[in-house]
Amino acid sequence: SCNLQGMWVNDLGSRMFIGPLNAAGQFSGYYLAAVSAAPNAAIRESPLHGTQHPNPPRAQPTFGFSVNWSFYDSTTVFVGQCFLDENGDEFLEATWLLREEVATHADNWKATRVGQNVYVRVR
């Protein structure tokens, strides 16, 4: 079955570490982005906090987590599922929404981006 704990890398080279789940299915870790929309910002590790359904245990669990970027005034939420391929290797399919701070309500239309990434376990 899939286990979220560990180091993962996506198709853009971003890396994240997910720590162990507690009894309620909550976890924390960090995210190190490989790309950023932040102009002239040095990319740094950013904290992540999330949850998955712990009971009953699922072979391919769904999950969600958020990242408050430590180098840019924005937050990203991720939702996805852990899958096993035909070889038994784990991968995560995730959809994300990134919300950045904008100066005015008139700029609200451009404040949220959406995307998808696939993550594989770092061995």
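**A tour of the barrel and its core**

Select Thr51 to begin: this residue stands opposite Gly64 in strand E5. Strands here are DSSP runs of E with at least two residues, numbered from the N terminus. The model is a predicted one, in which local features need pLDDT of at least 70 and side-chain atom pairs count only at pLDDT 80 or more, while totals for chains, interfaces and linings use all residues. Residues are numbered from 1 along each chain as its sequence is written, and side-chain values use heavy atoms, with hydrogens and water left out.

Next, display strand E4 (residues 46–52) together with strand E5 (residues 62–68); the two run antiparallel and are joined by five bridges. Two strands count as paired if DSSP finds at least two bridges between them.

Now widen the view to the whole sheet. Eight strands close into a barrel in the order E1-E2-E3-E4-E5-E6-E7-E8, with antiparallel pairing. Neighbouring strands of this sheet are turned by 30 degrees against each other on average, direction ignored; the axes are lines fitted to C-alpha atoms, and angles run from 0 to 180 degrees between N-to-C directions.

Move to strand E8 (residues 112–121), which runs antiparallel to strand E1 (residues 6–10) and is joined to it by three bridges. Asn10 stands opposite Tyr119 in E8. Nine bridges join E7 to E8, also antiparallel, and Glu93 stands opposite Val118 in E8.

Then select the largest nonpolar core, which has 21 residues; those with the most contacts inside it are Met16, Tyr31, Phe65, Phe78, Leu92 and Tyr119. Such a core is a set of buried Ala, Val, Leu, Ile, Met, Phe, Trp, Tyr and Cys residues joined through side-chain atoms within 4.5 Å, where buried means under 20% relative accessible area, exposed over 50% and partly exposed in between (1.4 Å probe, protein chains only). E7 gives the most to this core, with four residues.

Centre on Phe65. Not counting residues up to four places away in sequence, Phe65 touches Met16, Phe27, Tyr31, Leu48, His49, Gly50, Thr76, Val77 and Phe78; contact means heavy atoms within 4.5 Å.

The last stop is Gln60, in the loop between E4 and E5. Gln60 is partly exposed, with a relative accessible area of 31%. The side chain of Gln60 reaches the backbone nitrogen of Leu84 at 2.8 Å. Finally, select Ser1: the C-alpha atoms of Gln60 and Ser1 are separated by 6.3 Å, although the two residues are 59 residues apart along the chain.

Technical notes:
A polar contact is a pair of N or O atoms within 3.5 Å; within protein, one must be able to donate a hydrogen and the other to accept it, and residues adjacent in sequence count only if both atoms are side-chain atoms.
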